[in-house]
Amino acid sequence: KSIKNAKVALIFYFINLVLQFFSRKVFLDYLGAEVLGLNTTAQNLIGFLNLAELGIGGAIAFTLYKPIYEKNTQVINEIVSLQGWLYRRVAYVVIAGACVLMCFFPLIFEKAEVPLWYTYGSFIVLLVSALLGYFVNYRQIVLTADQKEYKITLNVQGFKVIKVLLQIAAIYYLSNGYVYWMILELLMAVTTAVALDKLLKREYPWLKTIIMQGGTLRQKYPEIISKTKQVFFHQIAAFVLFQTSPLIIYTYASLTLVAVYGNYMLIITGVPLLMDALLRSINAGVGSLVAEGDKERIKKVFWELTSLRLWLASVVCFGIYKLGHSFIILWVGNDFLLEQSAFIVLIAITFIGFGLFQDVWAQVTAAVLNLGLSILLGYYYGLTGILSGVLISLLVIVCIWKPLFLYKCGFKENIGEYVIRLFKYLALIAVSCISISWLGDCLFSNSFHSYGQWCLYAFKLLVLYTLFSLALFLCLDKASRSYVIRFKLLLTKK
């Protein structure tokens with residue numbers, strides 16, 4: 001199931017990545033950097049309001065693994081009914097928060113060089129799309145927990161591809177293209193919600209939610225509320241770490257710099273999106289594995305996934321470092337280049353990440369550290385300072401505290417094993433990066449003036465790094481050999 005989910009997710013990942021680059025170029029050429037920066041900022045504000053979701057979805061998915069494994073339809077219906085009841089209340093909070101926030105738009109966007117109604121229009125259509133998730137789409141969590149993520153992907157991402165193509169055409173061919181962009185955003189959100197609802201009725205005809213029972217069910221499933229509180233702090237930390245930077249950048253600079261930063265983030269966020277496309281489908285399988293309670297098997301799979309994630313991240317981050325600036329020049333021009341120090345910090349941020357839910361105080365600390373340091377360092381060092389605040393908080397929490405917490409509360413073992421193996425992985429990655437960077441500069445010309453030349457150079461460089469680094473990992477790491485054997489057996493069996 002994980003392989004099937006990953007294949008579908010990977011196909012749509014690459015389709016959407018190409019479309020995003022093309023649509024962003026059209027945005028810049030026909031609407032300007034200010035409108036693009038406004039659109040990015042509006043999405044970040046919606047992300048802030050969505051914190052009211054409290055991590056309910058993650059807690060529900062966690063609770064659904066066991067009843068789905070046992071095929072207990074009554075419990076599944078009760079849990080999803082409780083989710084619907086909780087989401088209704090979240091939606092009301094989001095609506096109230098949005099109304100209050102919109103009152104301050106004239107002040108927030110005072111220095112923006114775009115019509116104010118653009119701001120309201122962008123925000124409202126994105127808000128409606130988010131609210132549909134609370135009122136209609138919430139039941140899709142059953143497909144996720146049941147390891148049928150690919151069916152959600154086919155519907156949601158399929159309609160997204162159609163939407164983006166229509167939006168590109170509207171901006172390119174029609175006057176007032178951004179107005180049509182907003183209309184299409186709204187219409188396709190409704191269409192996707194209807195399609196998902198029909199899919200769920202067809203896939204799970206027995207899935208019946210009774211929202212009014214939520215108050216009673218809340219008492220029956222107290223672990224959902226408990227897990228929600230834990231996940232909520234992770235939601236806050238994730239938002240502060242990855243969504244507040246554009247808002248702080250806009251405070252210190254302009255919507256144009258937000259657009260420049262957004263161009264690089266489209267490349268940078270490709271890494272977690274790629275990892276998500278490849279490995280998200282494994283999450284439900286890991287949930288089932290943990291439910292079985294075989295500690296040795298859990299730990300073996302943990303190291304296989306850790307090794308795989310670090311190797312994949314190293315391949316993509318090496319590619320971004322060597323190819324990022326040259327791609328930006330070809331794509332949108334020299335005027336949209338980011339300073340080198342900020343670029344390197346962005347790559348370092350991209351490489352880091354892992355953890356469990358129960359370490360609530362760590363998430364609060366990460367959020368406070370990031371926000372405080374980003375504001376302070378941003379005042380003195382600009383964009384590099386803002387991003388350094390993110391990096392420092394990640395180093396303290398993700399690289400130091402979370403592994404300690406995992407081994408202490410998860411595996412109940414000494415942290416020494418993790419430290420030794422992590423340093424081994426980092427050493428292998430460092431040797432690979434330095435060797436192939438030097439070898440690539442000797443073997444290949446990095447002077448090119450077309451996408452074809454750039455793609456050929458990128459292909460040769462990344463193939464060289466992939467083969468060299470994979471050979472190192474396979475020779476010197478047992479977990480790497482284990483997951484390669486696992487994939488080989490799966491493919492042979494298929």
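**Aromatic contacts and backbone angles**

Tyr204 is buried, its relative accessible area being 5%. This value, like the others below, comes from a predicted model.

Aromatic pairs
- The structure holds 20 aromatic pairs, and one of them joins Tyr204 to Trp206 in an edge-to-face arrangement, with 5.4 Å from centre to centre and 65° between the planes.
- Trp206 is partly exposed, with a relative accessible area of 31%, whereas Tyr204 is buried.
- Trp303 and Tyr425 form a tilted aromatic pair, 6.3 Å centre to centre with 45° between the planes.
- Because Trp303 lies in helix α16 (residues 295-331) and Tyr425 in helix α19 (residues 416-443), this pair ties together parts that are 122 residues apart in sequence.
- Trp303 counts as buried at 3% relative accessibility, and Tyr425 counts as buried at 0%.

Other aromatic contacts
- The charged end of Arg421 sits over the ring of Trp303, at 4.2 Å from the centre of that ring.
- One aromatic cluster is formed by Phe27, Trp117, Tyr118, Tyr178 and Trp181.

Positive phi angles
- Most residues other than glycine have a negative phi.
- Lys71, which lies in the loop between α3 (56-70) and α4 (73-103), has a positive phi near 55°, and this residue is exposed, with a relative accessible area of 70%.
- Asn176, found in the loop between α8 (149-173) and α9 (177-203), has a positive phi near 55°, and Asn176 counts as exposed at 55% relative accessibility.

Methods
Residues numbered from 1 in each chain as written. Predicted model: local features only at pLDDT ≥ 70, side-chain atom pairs only at ≥ 80, totals over all residues. Heavy atoms only, no water. Helix = DSSP H or I, 4+ residues; strand = E, 2+ residues; numbered from the N terminus. Buried < 20%, exposed > 50% of the residue type's maximum accessible area, 1.4 Å probe, protein only. Phe/Tyr/Trp six-rings, centres within 6.5 Å; stacked < 30°, edge-to-face > 60°. Lys NZ or Arg CZ within 6 Å of the ring centre and 35° of its normal.
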